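Q: I'd like to learn how to read a structure with two chains. Could you walk me through it?

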Amino acid sequence: MTGVVISAWSALSPFGHGRTAFADGVRRGVPVDPVSTKDDWAAADAYVVPDFDIVAQLGRKGTGSMDRTSALAVATVRELGAPNPTTGVVLGTTSGSARTQFEFTRDSLTRRRPYFVNPAQMPFALMNSAAAQAAMWHGLTGPNSTIAAGRNSGPAVLRYATRLLRTGRASGVFAGAVEEHSGARELLERGQTLGEGCVLLFLQTAEVGNRAALAEVVASDTRFSDGAPGRALTESLRQVGVAADEVWGLALSTATPELSEVEEEAAGEVLGQRIGTVVRPGRLMGDTGAASGVFALAALLAHAEVDERARGRLAVATSVDRDGTAGCVVLRLTGSQKAWGER
Amino acid sequence: MSITTRQRVAVTGLGVVSSIGTGVADYTAGLRTGRDGARPISVFDTEGFAHRVGCEVVGFEPERWVTAQPVENLGRAAQFSVAAARMAADDAGLDADPGRAMVCLGTTDGGGDAGERIAEHVVRDSDIPAELPRRVPAGSLGVAVARELGLSDVDISTVATACAAGNYAIGNGFDAIASGDVDVALCGGADAMCRMTFTGFYRLGAVDPERCRPFDVNRAGILTGEGAGVLVLEPLDHALARGARIYAEVLGYGLNCDAGHPVAPDRDSVAACMRLALDDAGVTPDRVDLISAHGTGTKANDTTECGAIHDVFGDRPPRTVSVKSMLGHTMGAASALSAIACALAITEGFVPPTINHVETDPACAIDCVPNESVPAELSVVQNNALAFGGNNSVVLFGRYG
């Protein structure tokens with residue numbers, strides 16, 4: 001028990017803008033159509049957030065040099081609305097906006113002078129830009145952290161954010177992750193169809209007076225096993241100690257065949273093969289990198305909303321990455337359906 | 001803190017890679033004698049820049065430290081991380097299996113130097129070497145350390161909160177130890193010099209042509225630097241039980257966000273962060289003996305930070321020094337190296353100087369301990385860190401015993 005609850009969530013995903021688009025999409029279970037993309041760095045088919053033009057979404061002010069990662073985060077917080085100025089933000093990432101970093105470097109290498117770069121672009125090239133911009137746009141002065149844990153960002157972010165709440169350092173936290181699609185990211189992640197998006201959970205402690213909970217965070221755990229992420233995952237699942245017959249739903253977050261096999265086998269080894277609801281959002285919207293683990297949690301919440309059998313039971317979301325990191329998040333579903341993030 | 005029964009947290013090991021010294025002894029000597037890490041930059045091509053001074057780590061031998069994984073798989077920041085973590089673990093005398101562990105490292109650029117090389121290969125239309133993409137993910141810093149130290153029950157995170165990231169990592173480690181989540185935490189920060197950071201600060205007119213001179217009336221900006229600092233944290237009771245050397249206690253910390261300008265610090269918000277840290281540590285401002293400032297050497301930072309210090313500490317604030325005068329701005333490593341300087345100042349009984357100092361800016365109005373270290377008995381030392389994006393973090397260290 002962490003004493004921390006999820007009271008709202010939202011997402012900008014390849015299914016569209018907002019919570020409903022994602023929830024309907026994952027419940028329908030039909031993959032999004034990938035689109036052809038091409039920029040200065042690479043061409044590829046990818047699952048992108050539709051109709052997401054930064055200026056059209058956020059206006060001209062402050063967006064001239066803004067990276068897509070930050071814009072996705074700012075827009076996703078907007079979906080939820082800021083409840084309290086001391087709210088914190090904890091976002092997972094792989095390496096921030098690779099595209100912004102690459103463009104800045106290219107300008108330095110190709111322009112007449114190496115310092116003829118766009119200075120306004122610099123803060124957006126840093127990995128903390130998305131969390132910082134989310135705070136700036138919505139006036140959030142609480143703890144503001146960026147956790148770079150790649151595909152294991154779901155459990156890593158939840159572990160970090162629940163600690164901030166347990167220790168009283170924030171009254172509430174937007175905890176989630178964001179990953180943009182670009183040709184630059186294609187150069188870093190070859191061999192799979194990439195997706196993008198931002199997904200945020202609003203976390204609070206389970207105190208009287210706080211908003212109704214959709215789920216309680218029972219555990220969030222991360223492990224490492226050099227060269228063997230499957231073993232790290234089985235150890236993590238054993239560490240949190242869930243009884244398989246209490247588990248209503250399982251979300252497997254990976255999108256690539258090689259990692260999916262590892263994840264599925266490890267989860268099956270500990271939880272068995274009889275879990276009624278198993279969701280794999282990565283098969284519907286590609287490899288969303290750092291966002292994949294939090295999308296997996298959101299997919300469980302979306303399914304639980306319409307499934308009476310979920311009430312009072314556990315949901316488990318797992319993550320593994322190639323570097324040997326793995327982890328899981330365990331939720332107890334309260335059955336409350338009304339979320340204030342609905343728009 | 002809402003948990004009333006938090007454990008006390010001891011610093012029992014230190015590891016350093018820096019331009020003024022590698023290892024605790026060499027680093028301590030560097031701080032005490034006011035060594036200057038500035039030299040011509042060699043790690044990237046500086047052709048076309050009018051000035052090109054930085055605080056580069058020279059003579060670093062990754063093979064000496066990276067033994068459990070191929071050196072070529074790690075970027076320079078990950079190599080620094082491994083070296084500093086190994087030194088810190090050995091310095092603390094940690095067991096091979098230290099129990100439930102945390103590795104939490106802060107960084108600004110992570111593997112960004114490898115990303116730059118990839119971009120350069122594309123620009124020059126040449127093939128991208130296969131090992132470069134592996135070095136890019138920032139998470140590789142923490143993972144490389146866990147792999148090297150053979151840790152498996154480990155909470156790994158790389159905290160990417162730019163130039164305050166080291167303090168964020170120490171704060172996370174403090175909470176994890178204080179609340180009993182883990183038995184030992186290796187926390188700190190690392191960064192390698194990269195073209196992007198240098199170019200960005202240069203373009204902003206915030207790189208000093210020659211030397212870093214924080215709080216000086218003629219200061220002209222930062223020097224970019226690199227390195228890594230790692231601290232071993234463990235419960236004080238555990239440290240005492242095993243007879244470990246205790247450098248200092250972590251008394252508490254504070255985090256907040258300006259939620260204002262993307263690059264300019266906010267005086268009120270920085271002051272608020274210091275107050276959060278003092279409250280968390282249960283320390284009143286009059287008990288603070290020394291502040292290791294963020295002290296970058298830019299006009300805006302030093303004036304704003306000193307203003308905030310006056311707001312919190314009144315007309316006669318404690319001595320306020322900038323180790324960046326010696327180390328340059330080592331980005332994600334900066335507040336970790338500064339934290340180590342705080343711990344050493346307490347243990348060794350001296351105040352590190354602010355070097356390159358000629359005349360204190362009246363707008364700063366602090367005693368920056370110019371040019372030469374001074375002996376001092378220190379009970380409480382405060383470590384400030386501010387970052388782009390308004391990510392502030394302040395950590396308080398105290399003498400034990």
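Q: How much area do chain A and chain B bury between them?
A: The size of an interface is often given as the accessible area lost when the parts come together. Buried area here is what two parts lose on being put together (1.4 Å probe, summed over both). For chain A and chain B that comes to about 5200 Å², with 63% of it on carbon and sulfur atoms. On the chain A side, Arg163(A), Arg169(A) and Phe224(A) lose the most area to chain B, together 13% of what that side buries.

Q: How many salt bridges are there between chain A and chain B?
A: A salt bridge is a side-chain nitrogen of Lys or Arg within 4 Å of a carboxyl oxygen of Asp or Glu. Between chain A and chain B the count is eight. One of them joins Arg223(A) to Asp153(B), the closest N and O atoms being 3.3 Å apart.

Q: And how many salt bridges turn up over all chains?
A: A search of the whole structure finds 44. Among them is Asp321(A) with Arg151(A), whose closest N and O atoms are 2.8 Å apart. Helices (H or I, at least four residues) and strands (E, at least two) are DSSP runs, numbered from the N terminus. Asp321(A) sits in the loop between strand 12 and strand 13 of chain A, and Arg151(A) in the loop between strand 6 and helix 7 of chain A, so the pair ties together parts 170 residues apart in sequence.

Q: Which scores tell me about confidence?
A: The model scores ipTM 0.97 and pTM 0.97. Per residue there is pLDDT, the predictor's confidence from 0 to 100. Chain A averages 94, but over residues 339-343 of chain A the pLDDT is below 50. Where pLDDT is low, the predicted coordinates should not be read in detail. Chain B averages a pLDDT of 96, and 99% of the residues score at least 70.

Conventions. Residues numbered from 1 in each chain as written. Chains lettered and ligands numbered in written order. Predicted model: local features only at pLDDT ≥ 70, side-chain atom pairs only at ≥ 80, totals over all residues. Heavy atoms only, no water. Contact = heavy atoms within 4.5 Å.
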